[in-house]
Amino acid sequence: GTGEKGATLKVNNITDSVLQTTAWSVFVNMVPGENQFHFTLVDPAENESQATIAKIYYDNEVPVISVDKTLDGKWIQDSVIILVTADDNYKLDTVEHRINAGAWQKLSKTATEYQLQIDSTTYLDGDVLKIEFRSTDIATNESQHDNLVLKVMNGPIIISSDPKNNKSETASIHVDDNDNTYVVWVDDGDILCSGNDPDIFLRVDDAFGISDTYLVSFTSESANANCGYTHEKDGDSFNPQVVIDNAGLLHIFWEEGGDYGGYGHDIIHRSFDPATKKFSAIDVVSEGDGQSSFSQLAINEARDKIHIVWQDTVLDFQGDIFYSTYTSSSAEFSIPLLLSDDPTINDKSERPSVAIDTDDTVHVIWQDKGNTLLQMVTETSSTAKYGIHHRFFDPASKEWSSQTMITRSQDGYRGNSYTPKIISNHAKGVSSVFIV
């Protein structure tokens, strides 16, 4: 302020200083909230001025902002509204948002909250929108930023985006507890230096959108400056299956025609760590010569043991059903177990399916032709029909049941039954097994 030179400045009736010029300034201590100051001047003749009163609201606290996260990480279609609440201990100035680090824009306010409307049709399919929110009060304090991510899908998104006219087929999908989606498929395009033979590929849909394509069926990650992969086993890869364990690792199984342990096809396994984006080394699940194919998976409720079944001609050219387990804690497979126990050479055991109930009882079914112990007496090896056969593992006795046929009618007659599927329902703690 200004005043008479030589006058004494008082703040809240406490002497502060003597004016050396006609101008004065003063430093005051303030507490959060409202502060009131009385300024007076007393001249050398002890005449005192009228008080000048200043009220100052001191705000050193940042405002708060909160975003409704219901849609966070979700795919959106058409128009969606995001609700935002903001508050300050004194008075807000602005509430703003920006998309993908663009310019900040003010939000409109209803009676109780702020709203942001996003029209997905103004974006491309597969676009990922990182939306940030902030609030500022009249003291220019800025809140911590809150954010969410939206993913745009106005129509189907092509996962196998091979620019060449190649076949993409036999996809398998798994969704984890965080709603991350993993898709594997077979593609015969020369993607990531994989060659023109069928190979297994992976893409991940997480909170950041759909990942780039990963080549699964490679054997090492070196020696190729362009792609970083070496495809040493130049065989065809088929029938991928995926499941997530309790450590969050994605386990991928497939049928491989490369020379991994004798002639014919093998069942191959490797895991993928979503956190590091790295693959494990390859494991050969099936043993010996023969055609190993049609692998199917199931995992227990604790998700620490994977059960795998497949058909194999390792014992004869007709085919048998084998079973193995993978334990997550030890990262080891059990020795393959023969489940189809037909004593005749003409047996055909094919197309297995596996499921586990809440008691950890393992059920395996398959189509079978030729089990003479279960056929009608009038049937011969040339007239025998396909039936659906079943075995289960009892965790209490730690033994497998005998092989039974479940497709015989009450009068003993039956036709051919093919390609069974078994699933389990663990809803409300009750386990049911359905066979279709």
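The dialogue below takes up the strands, the cores and the pockets.

Modeller: This is a predicted model, in which local features need pLDDT of at least 70 and side-chain atom pairs count only at pLDDT 80 or more, while totals for chains, interfaces and linings use all residues. Residues are numbered from 1 along each chain as its sequence is written, and side-chain values use heavy atoms, with hydrogens and water left out.

Colleague: How many helices and strands does the protein chain have?

Modeller: Helices (H or I, at least four residues) and strands (E, at least two) are DSSP runs, numbered from the N terminus. The protein chain here has 35 strands and zero helices.

Colleague: What percentage of the residues in the protein chain is buried?

Modeller: Buried means under 20% relative accessible area, with a 1.4 Å probe and protein chains only. Of the 436 residues in the protein chain, 42% are buried.

Colleague: Which residues have the most contacts inside the largest nonpolar core?

Modeller: In soluble globular proteins, nonpolar side chains tend to be buried together. A nonpolar core is a set of buried Ala, Val, Leu, Ile, Met, Phe, Trp, Tyr and Cys residues joined through side-chain atoms within 4.5 Å. The largest one has 22 residues, and Leu202, Val216, Leu250, Ile252, Phe272 and Phe279 have the most contacts inside it. Elements giving two or more residues to this core include β16 (199–206) and β20 (250–256), but β15 gives the most, five residues.

Colleague: With which residues is Val216 in contact, leaving aside its neighbours within four places in sequence?

Modeller: Contact means heavy atoms within 4.5 Å. On that basis, the partners of Val216 are Ile200, Phe201, Leu202, Ile252, Trp254, Arg270 and Phe279. Another core, of 17 residues, lies apart from the largest one and has Ile82, Val84, Leu107 and Leu150 among its members.

Colleague: What lines the largest pocket?

Modeller: On a 1 Å grid over the protein atoms alone, a pocket is an open set of points where a 1.4 Å probe fits, with protein on both sides within 12 Å along at least five of seven lines; lining residues have an atom within 4 Å of a point. The largest pocket is lined by 19 residues, and Leu297, Ala298, Ile299, Val354 and Lys421 lie nearest its centre. Elements that give two or more residues to this lining include β24 (292–299) and β29 (348–356).

Colleague: Which residues lie nearest the centre of the second largest pocket?

Modeller: They are Lys305, His307, Tyr323, Thr325 and Phe393, from a lining of 15 residues. The largest share of that lining, three residues, comes from β26.

Notes:
Buried < 20%, exposed > 50% of the residue type's maximum accessible area, 1.4 Å probe, protein only.
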